[in-house]
Every structure is written in structure tokens, then in C-alpha cells.
Amino acid sequence: MINLNAFEAECRADIPLLDAMELAFTAYEDLSLWMEAPLAPNINNKGTAFGGSIASICLFGGWAVATLGFIDAGIRNTEIVVYTSEMTFERPARGLLRVRAFVRPEDFAACLAQLRQETTRRLRFDVHVELFHDDDRCATMRGVYVVWLK
């Protein structure tokens, strides 16, 4: 069972930017992580969410959901890094940012099976992130992350 509050506290201790962005974890279930951040600390000169904040939140969300997935599967000794990512900014976000980061279960299962068999290999897998304001999707990210065992 994942203790999301403890994981968030650990992330905040290691990554000071999370406090500056006021990013908060709200839920984790079935390889999906939900987070929220207020507009005020992430605002640009146009009164909308700063693209750099959106990108940072999405990249972090990808790492966090992957880390939680492996912890949930009983593997705590992973190193996970982003390999490449592609952002799409669909519309301005003008208020509370709600973020869903997720890994498709079939993709995760395949990576997990390989990781358990080939413990020295570095494996790639996809992570998806959607950022919303109200019910409108404002940005998406597809990231390829790499995992290996420490």
C-alpha cells in the first residue's frame, strides 16, 4: 500500500521546486497520479500558467507516477529518468492546475516483467500527463522514461 503523504514529503525534501510551485499530491490509484497546483506561484505575465511551470509539473509527474508504480509492485531500488518528452500546449490555464500522470497498465506490466528478468538492463517506457483547468485540458505530455535497478 502506498503512503502518498510520506512519498510527497520525501519528494518535497529532495526537490525544493515542488514547494515553490505549491504542487500537492491528491490521489494515486492504478498507475494514475493526480496532483494540483494553484495558479499564483506558477503565473506568467499574461495572467495564465507559465509554460515552464507546466512543463516542470508534467516532467515531475511522469517520474513520480513511475516511481509509485514500481514501489507499488514491490521494487524500491529503481533509478528513473526522463529520456525524451513532447509537450503540447492546447489552451491557456487560468486557475487551479489539475494534473493526471499515468502509465498504461499493459506498458507498465511489460516493463516490470522485463525489469524482473533482466536486472542490469536499462528499460524504456511511456508515461502520459494531462494538465487541466476546470474541465478543460490545457496541456499534454508524452514522455519516454528509463528505469534500471540500483
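Me: How much space lies in the largest pocket?

Reply: The largest pocket holds about 370 Å³ of space. This is a predicted model. Its values are computed from the atoms.

Me: What makes a residue part of the pocket lining?

Reply: A lining residue has an atom within 4 Å of a point of the pocket. Here 18 residues line the largest pocket. F7, E10, W63, T67 and I71 lie nearest its centre.

Me: Which elements supply at least two residues of that lining?

Reply: Helix α1 (4-14), helix α3 (51-72) and strand β3 (78-89) each do. The largest share comes from α1, with 5 residues.

Me: How do the residues of the lining divide into nonpolar, polar and charged?

Reply: The lining of the largest pocket has 10 nonpolar, 3 polar and 5 charged residues.

Me: What does L33 touch, not counting residues up to four places away in sequence?

Reply: L33 touches L4, F25, A27, Y28, G61, A64, V65, L68, V99, R100 and A101. Each of these counts as a contact because heavy atoms lie within 4.5 Å.

Me: Why is L4 called buried?

Reply: L4 has a relative accessibility of 14%. The cut-off for buried is under 20%. Therefore L4 counts as buried. L4 lies in helix α1. Leaving out residues up to four places away in sequence, it touches F25, T26, A27, Y28, L33 and L68. L4 and F25 are 21 residues apart along the chain. Their C-alpha atoms are separated by 7.3 Å.

Me: Is L23 buried or exposed, and how do you know?

Reply: The relative accessible area of L23 is 1%. Buried means under 20%, so L23 is buried. L23 sits in the loop between α2 (17-21) and β1. Beyond four places in sequence, L23 touches E8, R12, L18, M35, E36, A37, I57 and F60.

Me: What makes R12 and E8 a salt bridge?

Reply: Their side chains meet at 3.0 Å, N to O. The cut-off is 4 Å, so the pair qualifies. R12 and E8 are 4 residues apart in helix α1, which means about one helical turn separates them. E8 is buried, at 12% relative accessible area. By the salt-bridge rule, the count comes to 7. Side chains of opposite charge can pair when their charged atoms come close.

Me: How do you know that R137 forms a salt bridge with E90?

Reply: The closest N and O atoms of R137 and E90 are 3.0 Å apart. R137 lies in strand β6 (residues 136-149), and E90 in the loop between β3 and β4 (97-102). The pair therefore ties together parts that are 47 residues apart in sequence.

Me: Why do R137 and E90 count as partly exposed?

Reply: R137 has 31% relative accessibility. E90 has 33%. Buried is under 20% and exposed is over 50%, so both values fall in between.

Me: What makes R121 and E118 a salt bridge?

Reply: The closest N and O atoms of R121 and E118 are 2.9 Å apart. The limit is 4 Å, so this pair also qualifies. R121 is partly exposed at 38%, and E118 is partly exposed at 29%. Elsewhere, salt bridges that share partners join E90, R100, E130 and R137 into one network.

Me: Why is D30 called exposed?

Reply: D30 has 61% relative accessibility. Exposed means over 50%, so D30 counts as exposed. D30 lies in the loop between β1 (24-29) and β2 (32-37). D30 has a positive phi of about 50°, although it is not a glycine.

Me: Is L31 buried or exposed, and how do you know?

Reply: L31 has a relative accessible area of 12%. That is under 20%, so L31 is buried. L31 lies in the loop between β1 and β2. Phi of L31 is positive, near 65°, in a residue other than glycine.

Key. Residues are numbered from 1 along each chain as its sequence is written. This is a predicted model: local features need pLDDT of at least 70, side-chain atom pairs count only at pLDDT 80 or more; totals for chains, interfaces and linings use all residues. Side-chain values use heavy atoms; hydrogens and water are left out. On a 1 Å grid over the protein atoms alone, a cavity is a set of points where a 1.4 Å probe fits but cannot get out, and a pocket is an open set with protein on both sides within 12 Å along at least five of seven lines; lining residues have an atom within 4 Å of a point. Grid points are joined across faces, edges and corners, and a volume is the space filled by probe spheres set on the points. Ala, Val, Leu, Ile, Met, Phe, Trp, Tyr, Cys and Pro count as nonpolar, Asp, Glu, Lys and Arg as charged, and the others, Gly among them, as polar. Buried means under 20% relative accessible area, exposed over 50%, partly exposed in between (1.4 Å probe, protein chains only).
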